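Dear colleague,

I am handing over a structure that will be new to you, and it is shown just below. After it comes a short account of what was found.

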Amino acid sequence: MANRLSVIATRTGDDGTTGLGDGSRLPKDAPRVTALGDVDELNSVVGLLLTESLPADVVADLLAIQHDLFDMGAELCIPGHVAVATEQVARLDARLAHYNAALPPLREFILPGGSRPAALAHMARTVCRRAERAVVALACVNAPVRQYLNRLSDLMFVLARYLNTTLAIGDTFWTSPNSRQAK
């Protein structure tokens with residue numbers, strides 16, 4: 001990356017706009033900039049999850065996901081650019097199948113939490129859902145971007161359960177208000 005980002009504080013955003021990869025500028029509250037920010041935040045939450053002690057296969061998957069999210073940011077930053085492909089969505093589908101195979105069937109709703117790594121995976125899931133909503137609002141993005149975010153939120157849910165299982169911590173099941181009152 002030979003001096004690609006030689007100056008970080010450019011002050012060009014002081015007027016409330018931000019530059020896109022094609023040189024155009026948009027208001028910082030534009031839907032495209034919101035989607036970019038949500039994907040960036042998602043990548044940061046995945047990075048936070050990676051600071052935990054995790055199984056090697058989870059680490060490898062999360063690192064690949066971070067690279068995919070960076071590709072997605074490039075696609076969102078350069079209108080018309082395509083960087084996310086159906087193969088990346090298919091990889092998430094395969095990893096969903098892999099982790100789901102190690103879990104008992106889910107018969108109840110669960111609450112986010114259990115272990116710290118699982119709680120962080122749930123946090124990534126919710127940020128991913130927000131990013132997905134922001135991308136859908138654009139209505140002009142490559143279909144694999146929407147599909148990727150949809151699968152990724154599912155994967156983060158499954159990873160939360162998988163991480164709790166590997167740590168021998170059970171999921172916390174939601175109970176209905178009637179069940180809670182009966183106690």
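**What was found**

Leaving aside residues up to four places away in sequence, L69 touches V39, L42, N43, V46, Y148, L149 and L152, where contact means heavy atoms within 4.5 Å. Please bear in mind that this is a predicted model, in which local features need pLDDT of at least 70 and side-chain atom pairs count only at pLDDT 80 or more, while totals for chains, interfaces and linings use all residues. Residues are numbered from 1 along each chain as its sequence is written, and side-chain values use heavy atoms, with hydrogens and water left out.

L69 is also, together with L62 and L152, one of the residues that touch the most other members of the largest nonpolar core, which has 44 residues; such a core is a set of buried Ala, Val, Leu, Ile, Met, Phe, Trp, Tyr and Cys residues joined through side-chain atoms within 4.5 Å. At least two residues of this core come from each of α1, α2 (56-77), α3 (86-101), α4 and α5, and the largest share, eleven residues, is supplied by α5.

As for the chain as a whole, its secondary structure comes to six helices and four strands, these being DSSP runs numbered from the N terminus (H or I, at least four residues, for helices; E, at least two, for strands). Along the sequence they follow the pattern β-β-α-α-α-β-α-α-β-α. Of the 183 residues, 38% count as buried, that is, under 20% relative accessible area, with exposed meaning over 50% and partly exposed in between (1.4 Å probe, protein chains only).

Helix α1 (residues 31-49) packs with helix α4 (residues 116-138) at an angle of about 165°, their axes being 8 Å apart; axes are lines fitted to C-alpha atoms, for helices over the stretch in contact, and angles run from 0 to 180 degrees between N-to-C directions. The angle therefore makes α1 roughly antiparallel to α4, a term used for angles over 145 degrees. Among the residues that make the contact are V39 and L42 of α1, and V127 and C128 of α4.

Two alanines also deserve a look in the loops. Phi of A139, in the loop between α4 and α5 (143-166), is positive, near 60°, and A139 counts as exposed at 69% relative accessibility. Phi of A168 is likewise positive and near 60°; A168 lies in the loop between α5 and β4 (172-173) and is exposed, at 72% relative accessibility. Most residues other than glycine have a negative phi.

With best wishes

Note on methods
Parallel < 35°, antiparallel > 145°, perpendicular 65-115°, else oblique.
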